[in-house]
Amino acid sequence: MHQDFEIIHFTKIVPKEAIFKFYEPVRVEGYCKSCPNYNKLWSCPPHDFSAVSYLDSYDYVLLIGEKIIRNEESLSNTSMNTYFQKVRRQLGDQLIELSKSHDVEVLIAGNCYLCEDCLRTDDKSCRYEDRMKYSLESIGFLVGDIASELLGIELEWPEPGKEAPSLMTVGAIFAKEDIKLKAMLDQWR
Ligand code: SF4
């Protein structure tokens with residue numbers, strides 16, 4: 001039996017400054033405003049802090065990209081978006097776990113998925129402040145440009161009326177020293 005999709009991993013450790021070339025908070029928040037999650041989830045903008053202050057303690061970043069490709073021989077009707085949600089949550093769970101036991105900060109791919117109903121809509125504090133994580137795009141980075149320019153992921157656009165042949169998800173781990181990030185690389189090879 002064939003697996004329904006495959007994942008190609010891309011990783012790169014860069015100085016933090018490398019991703020700040022793709023930091024355009026006003027432009028990115030403009031995109032976020034058309035998303036139904038805007039101002040509805042604590043993981044999503046608007047935020048009362050900047051990425052500059054949030055990442056101030058760290059000097060290096062390990063970028064992790066995962067390209068999800070449908071297996072042409074699969075007979076499954078499952079949508080690419082279903083595969084995407086599965087893969088991004090797996091990556092998010094890995095990153096959240098890592099952040100508990102290492103002196104690192106992590107950014108997951110996409111919005112927080114820990115609760116069915118985010119408490120932001122009730123103007124209450126986040127239920128799991130110790131586990132909730134932001135994403136690159138949520139704090140103002142152009143994630144598509146980071147994926148293509150730094151990770152070398154080629155984005156494939158769908159033909160009209162069809163699903164994209166592949167999707168990608170990108171997370172990040174920030175640390176003070178690159179040696180700490182190098183020790184984590186094996187998990188994504
Ligand atoms: S953990 Fe729950 S309350 Fe906190 S941001 Fe995520 S969905 Fe919202």
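Which residue in β2 stands opposite Phe-5? The residue opposite Phe-5 is Arg-70 in β2. This is a predicted model, in which local features need pLDDT of at least 70, side-chain atom pairs count only at pLDDT 80 or more, and totals for chains, interfaces and linings use all residues. Residues are numbered from 1 along each chain as its sequence is written.

**Overall architecture**

- The protein contains six helices and four strands, where helices (H or I, at least four residues) and strands (E, at least two) are DSSP runs numbered from the N terminus.
- Read from the N terminus, the elements follow the order β-α-α-α-β-α-β-α-β-α.
- The radius of gyration is 17 Å, close to the 16 Å that the globule rule gives for 189 residues, so the protein is as compact as a globular protein of that length. The radius is taken over C-alpha atoms, and the globule rule is 2.2 Å times the number of residues to the power 0.38.
- Along the principal axes, the C-alpha atoms fill a box of roughly 45 × 40 × 30 Å.
- Of the 189 residues, 30% count as buried. A residue is buried if 20 or more other C-beta atoms, placed from the backbone, lie within 10 Å of its own, exposed if 12 or fewer, and partly exposed in between.

**Strand pairing**

- Strand β1 (residues 5-15) runs antiparallel to β2, and 11 bridges join them; two strands pair if DSSP finds at least two bridges between them.
- β2 and β4 are also antiparallel, joined by 10 bridges, and Leu-63 stands opposite Ala-172 in β4.
- Nine of the 11 residues of β2 are buried, so this strand is largely enclosed by the rest of the structure.

**Nonpolar cores**

- The largest nonpolar core has 35 residues, of which Val-61, Leu-136, Phe-141, Ile-146, Val-170, Ala-172 and Ile-173 touch the most other members. Such a core is a set of buried Ala, Val, Leu, Ile, Met, Phe, Trp, Tyr and Cys residues joined through C-beta atoms within 7 Å.
- Two or more residues of this core come from each of β2 (60-70), α4 (80-101), β3 (105-107), α5 (143-149) and β4 (166-175), with the largest share, seven residues, coming from β4.
- Apart from this core lies another, of five residues, including Leu-41, Trp-42, Cys-112 and Cys-118.
- Not counting residues up to four places away in sequence, Val-61 touches Val-14, Lys-16, Ile-19, Ala-172, Ile-173 and Phe-174; contact requires C-beta atoms, placed from the backbone, within 7 Å.

**Ligand surroundings**

- The ligand is surrounded by 13 residues, the closest being Trp-42, Cys-112, Cys-115, Cys-118 and Cys-126; a residue is near if its C-beta atom, placed from the backbone, lies within 6 Å.
- This shell comprises 10 nonpolar residues, one polar and two charged. Ala, Val, Leu, Ile, Met, Phe, Trp, Tyr, Cys and Pro count as nonpolar, Asp, Glu, Lys and Arg as charged, and the others, Gly among them, as polar.

**Loop residues and backbone geometry**

- In the loop between α2 (25-32) and α3 (51-54) lies Pro-46, which a cis peptide bond with omega of about 5° joins to Pro-45.
- Asn-39 lies in the loop between α2 and α3 and has a positive phi of about 65° although it is not a glycine.
- Asp-123, in the loop between β3 and α5, has a positive phi of about 60° although it is not a glycine; Asp-123 is exposed, with 6 other C-beta atoms within 10 Å.
- Tyr-113 is found in the loop between β3 and α5 and counts as partly exposed, with 16 C-beta neighbours inside 10 Å.

Key. Two residues are in contact if their C-beta atoms, placed from the backbone, lie within 7 Å.
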